[in-house]
Amino acid sequence: MTTTASIELTLKDISAGRTQGAMCSSDLVDAPWDVDASPGYGPGASTADPIPAAAPRQGEIPQEYRDASDAQLRERIVAAKAQLGERVVLLGHHYQRVEVVEHADYIGDSFMLAQAALDHPEAEAIVFCGVHFMAETADILSSPDQAVILPNLAAGCSMADMATIDQVEDCWEQLAQLWGTAPDASGKVPVIPVTYMNSSAAIKGFCGRNGGIVCTSSNAEVVLNWAFERGHRVLFFPDQHLGRNTAIDMGIDPEAMPLWNPRRPLGNNTAEALEDSRVILWQGFCSVHKRFTPAQIAAARAQNPEVRVIVHPECPRETVAAADESGSTAYITKAIESAAEPTAFAIGTEINLVQRLAAEHPQHTITCLDPVVCPCSTMYRIHPGYIAWVLEALLAGEVVNRISVDAEVAAPARVALDRMLAAKPRI
């Protein structure tokens with residue numbers, strides 16, 4: 001059973017032969033500033049995903065941070081946070097390495113961290129230890145005089161990049177040619193756009209301009225119900241699996257969920273299939289959650305018939321159907337925390353969270369369904385060296401790696417995000 005919460009230490013132990021195991025890339029043991037020198041998402045689950053040419057790249061940080069030991073970086077971060085006090089709030093996503101989240105003022109999923117960004121108007125700076133779309137969201141929700149900082153600009157998201165604003169606008173035009181955009185006699189419009197939080201600010205702005213909304217994995221069902229009150233169909237992007245799993249759990253026929261390929265006319269569908277649709281699913285996915293399979297679940301049950309299998313709803317439908325439960329990272333965390341008796345859990349979500357939960361709850365046996373250690377490529381780009389750098393820059397009066405969303409995008413995106421925040425998840 002795993003006894004360390006640190007994926008970094010686990011990877012180093014596997015690489016050195018000190019422990020048995022497999023990793024999806026030997027480059028995972030490299031320092032992130034070495035990875036930053038090459039284009040791409042970096043080692044991990046998204047290595048093979050194509051990255052847009054315009055994706056942000058992280059410049060070289062000062063040598064002193066690259067040379068510092070883990071202990072020295074920890075001391076520098078603690079000291080800088082103490083000096084900055086309430087001037088800064090540090091947010092850490094569940095999928096961050098433990099060496100990062102130990103410094104976070106708040107740890108949570110995208111919904112929880114979006115709320116946390118709203119709750120601290122006194123902070124001069126929000127250091128967001130997550131990925132680019134999350135920092136954009138924090139900038140949209142925070143006040144204009146607050147600086148939102150992403151410690152490593154290369155921490156993007158391959159799923160978010162699977163739906164560009166040009167592709168979405170083109171899709172919308174094609175659907176408008178089929179049905180128009182005006183409401184019918186019942187007051188419902190032909191289609192409501194719903195974007196997952198894992199999308200660019202431009203796409204959130206598109207939803208705000210077109211009567212749509214943002215969702216997270218925590219509140220996707222609440223959001224779809226909101227959308228169906230206002231439209232006959234939903235255009236759901238960019239993650240097909242979250243959309244499909246949520247809609248099926250609501251009783252919607254899978255045959256009424258055509259998949260939209262943005263590179264083909266009508267998304268590679270017929271007009272008739274789109275007419276009969278309830279949820280039009282974008283052809284996107286999470287490379288982390290795509291790794292989890294029914295065969296892994298069968299193997300976990302063969303090893304322990306009493307195992308409780310919980311997977312994230314970004315997993316493919318056949319994996320969710322084979323599991324005992326599915327839910328957001330907040331759901332998974334609460335399920336483990338609320339288990340009164342020692343329980344064997346097999347979890348299908350990002351390995352940093354799974355291994356941290358295993359270390360925090362030694363009364364349970366908690367394992368990751370995937371036997372290969374393969375973290376989120378872009379979450380893993382955040383490292384204590386970058387955090388020490390951005391915090392000490394703030395102490396010196398300099399804001400580095402600021403994420404700013406243009407006002408013409410931020411205003412409609414804020415509309416869609418406010419609708420999301422009002423759609424409280426049922427956890």
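Which residue stands opposite Ala-346 in strand 13? In this predicted model, where residues are numbered from 1 along each chain as its sequence is written, local features need pLDDT of at least 70, side-chain atom pairs count only at pLDDT 80 or more, and totals for chains, interfaces and linings use all residues. Side-chain values use heavy atoms, with hydrogens and water left out.

The residue opposite Ala-346 of strand 13 is Val-309. Strand 11 (residues 308-311) pairs with strand 13 in the parallel sense over 4 bridges, where helices (H or I, at least four residues) and strands (E, at least two) are DSSP runs numbered from the N terminus, and where two strands pair if DSSP finds at least two bridges between them. Within this pairing, Arg-308 has Phe-345 of strand 13 as its bridge partner. Strand 11 also pairs with strand 12 (residues 325-326), in the parallel sense over 2 bridges, and there Val-311 stands opposite Ser-326. Strand 13 in turn pairs with strand 14 (residues 365-368), in the parallel sense over 4 bridges, with Thr-367 of strand 14 as the bridge partner of Ala-346.

Strand 13 (residues 344-348) is mostly covered, 5 of its 5 residues being buried, a term that stands for under 20% relative accessible area, as against exposed for over 50% and partly exposed for values in between (1.4 Å probe, protein chains only). Both faces of strand 13 are covered, with Ala-344, Ala-346 and Gly-348 buried on one side and Phe-345 and Ile-347 buried on the other.

Helix 10 (residues 220-228) has 7 of its 9 residues buried and is therefore largely enclosed by the rest of the structure. The buried residues of helix 10 are Ala-220, Val-222, Val-223, Leu-224, Trp-226, Ala-227 and Phe-228. Their cover includes strand 6 (192-196), strand 7 (213-215), strand 8 (234-237), helix 11 (240-249), strand 10 (279-282) and helix 18, contact meaning heavy atoms within 4.5 Å. Gln-240, which is found in helix 11, counts as buried at 10% relative accessibility; when residues up to four places away in sequence are not counted, Gln-240 touches Leu-259, Leu-281, Trp-282, Gln-283 and Gly-284.

Helix 18 also packs against helix 9 (residues 201-209), at an angle of about 70° and with the axes 7 Å apart; axes are lines fitted to C-alpha atoms, for helices over the stretch in contact, and angles run from 0 to 180 degrees between N-to-C directions. Helix 9 is thus roughly perpendicular to helix 18, given that 65 to 115 degrees counts as roughly perpendicular, under 35 as roughly parallel, over 145 as roughly antiparallel and the rest as oblique. On the side of helix 9 the contact is made by Ala-201, Ala-202, Lys-204, Gly-205, Cys-207, Gly-208 and Arg-209, and on that of helix 18 by Val-409, Pro-412, Ala-413, Val-415, Ala-416, Leu-417 and Arg-419. By class, this contact of helix 9 with helix 18 has 9 nonpolar, 2 polar and 3 charged residues (Ala, Val, Leu, Ile, Met, Phe, Trp, Tyr, Cys and Pro count as nonpolar, Asp, Glu, Lys and Arg as charged, and the others, Gly among them, as polar).

The axes of helix 6 (residues 110-118) and helix 18 (residues 407-422) come within 11 Å and cross at roughly 110°. Phe-111, Ala-114, Gln-115 and Leu-118 of helix 6 make this contact with Arg-414, Met-420 and Leu-421 of helix 18.
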